[in-house]
Each structure stands twice: as C-alpha cells, then as structure tokens.
Amino acid sequence: MAFGPDLTEPRPENPILLRPAADASFALIDDRPVLFSEKNQQIYELNQISAFVWCKLLDQNKLETIADELSELGLDRDQARNVLGQALQQWLDLELVEMEWRLPFASALQTRLAERAISIKASNEALIKSLKPLFCDLNSGGDQADITIEVVEVGDEVLFRNCRKSITKCPTTSLAPAIKADLTERIILQNQRDFALHAASLVFGDKGLLLCGQPGAGKSTLALQLVGKEYRYCGDDVVMISPNGLVQGLLFAPTIKPGTWQAVSKTRDDLKSATAHDRADGIRVRYLPVADVHKGSFQVQWIIFLNRIDGTSAKLTPLGQIESMQRVISGSFAANGKLSLAGFAALKKIIGGAGLFELTYGEAADAGRKLRGLCHGFS
C-alpha cells in the first residue's frame, strides 16, 4: 500500500497528521535506538533512518518536511518518500503511530442499529453514497451518536476510524463490507449483557422468525423471498438476544453473494444495477434495499435451521429443545467469548416458547411457501 507518496507529497493542506502513539516510547539501549510499545508489550529495534524519522515525528514535523530532510541525507526524492512510507506503514500496522484527520467532514449519514445511534462522517459525498446501500434505516440525525465513524480517502485507499480510536484501511470497493464488520463487532462489544446469534430475522404480525444456518445456507435469499409477503425484515446476519429473551436484528440491507445473484435477479430487477463490493474474504457482494422493515425488539415464535440441498423439495422436520439449544449455542457469540448464565437462561426461555424446525430445501421460492404455510398454521 502506498501511504508514502500520498501522505508526503507537498500540498497546502495534507489531510492526515501522523504522530507517535501515546503508549510508544523511544529509547537508546546499548547505543541502539528502540521503541517500546506498552500495548503490544514489545521492543522494536530501529535503524538509523527509522530513528531519524521517529525523532522528527516527535518534534511534530510535517511528513513532507521529513521526506525533504531524508533527501538531504543522500536519498533521492522517490527513495526518501518510499522509505518514509514503508516506515509509516509498518508503524501504523503495529499501532505505534496515531492519525489525526485535518479535513472537514461535510458529508454524513445517520442510522440506528440495535438501539445504537450511528453517525458516519466522510471527507466527500462519494464515500457516503457508497455506504448508503448498506443500511435499511437512514435518518436525518439529531440524536447524540453512540458510535461515530470518520472516513477519509487517501489516493486509492480509504481510512476509517471508529470513535476516534483504531484505524482501519481498505480499498474503496471494500469500504461498505469493512464498515459493516466494524459496526457489528462494536455493537456486540458494547452490548455486554446481550449475546449475538448468526441468523436472519423477520417479523410475521408481531411474531418473530429466525433463520439459522452456516454461511451459504441461504439466509439472505430466503429472507428476501419472504419480506413483503406479510413479513417485515429485521436483518440477515446477526441478532442480539437480551437477558429478558427479546431479540433484535441488526438492520443491515440483505447481502447477496454471487452464487445467488441469478436466482435473486428473477424476482429483483434492481440486483444488476446494485454496486458490487469486495469483502475481506475475497467474495463480491451486493446490497439490496428493503422497504418493509421492523425496528426494535420482538419475541421469537419460530426458529428454523436451514439445510439447503440442491434438487430437494422443501420439508420441515420438528426438532427437540436440547438439539435446538445445542445448535443455537454453536452459532452464538458473546462480547467476552462465553455464553453467560443469564444468556443461557434467555436462550432457554426463547427455545421453550418457540416452534423448532429444520428446513431442508433446494429452492428459495419452495422454502418460502413452506414457511408461509407454517406461520399461517397449515403446514
């Protein structure tokens, strides 16, 4: 990644200021320059050029000034900027340096996820435009933000910072999936008393339906089959379960993967025009808007475990509570990595009051008909 040329080019207003992290300390040990990171609990030895750069950062020199001074030490202009860029990149990866934005964030969007007010501020409108398809519930703001994300574009890369803390970098085409992953993690960590479950969620009347399954089981595609046909959409990936047994989905737009693009395009004319985004795992995805959404918590009436087998007719098989409990626990995760006793009690309450089924199916349309029959009481 080419941070060096982008950040060190002389410009009237450089968008980013880099400075040593508060927990990083420079020292000479045996006359050799080193850095100590309190956070990483590591000592990093520096060469003479890196030590020179670090000391200049400590003196709050601008990056273009540091690059010019490196040129005076015998490096040509391009070499100086490449050396500086490589040092900064390594220190950013190790969190030895911090970034401070120096751009106004005139473009922004606001939304809510799991009762959290989210504000995303960007250095230009194009970044905000690329993020809007990710959310189902955009609003005009006004609420005090619980989570704030700042996004800035540098060359062909994007940097974003959550709550003025850690920095994440990615290509522009990967921004929306990266923001989704970051927000999901932050919400799970903030909701210490809740635990999360991988599931799509919908509401039928006032009754909740959870679609559980491994990646590729068809949660998003099946949710799209149901939404609008008496069902309201709550999310296609993660639900938060509170100690009182109420559930709330993270209201991101449905994520459509390449393997289902052809099937989804039969019912959604807007799929082909939707922008493709690159996830960190290399999968290209598209986000589709959903009009019929449910905001807030709901009680779970049905839990469906998906088992997709090509060429199979849709079939619902009742499951016992212990087997269902084991399946749910294997697909859940908590902020501290463990399901608490309160979480287990909430899960027991949900399992005890819900219809529990495995749905074996081949086609989403067939599965959708089977689930509509179940919810209407004639399947």
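Are Trp54 and Trp91 buried or exposed? Trp54 is buried, and Trp91 is buried as well, where buried means under 20% relative accessible area, exposed means over 50% and partly exposed lies in between, with a 1.4 Å probe and protein chains only. The model is predicted, so local features need pLDDT of at least 70 and side-chain atom pairs count only at pLDDT 80 or more, while totals for chains, interfaces and linings use all residues. Residues are numbered from 1 along each chain as its sequence is written, and side-chain values use heavy atoms, with hydrogens and water left out.

**Aromatic pairs**

- Rings of Phe, Tyr and Trp (its six-membered ring) pair if their centres lie within 6.5 Å, and planes under 30 degrees apart count as stacked, over 60 as edge-to-face and the rest as tilted; by this rule there are four aromatic pairs.
- The pair of Trp54 and Trp91 is edge-to-face, because the ring centres are 5.1 Å apart and the planes stand at 90 degrees.
- The rings of Phe204 and Tyr231 have centres 5.0 Å apart and planes at 45 degrees, so this pair is tilted.

**Charges over rings**

- A charge sits over a ring if NZ of Lys or CZ of Arg is within 6 Å of the ring centre and within 35 degrees of the ring normal.
- The charged end of Arg286 sits over the ring of Trp261, 4.0 Å from its centre, and Arg327 lies over the face of Phe305, at 5.3 Å from the ring centre.
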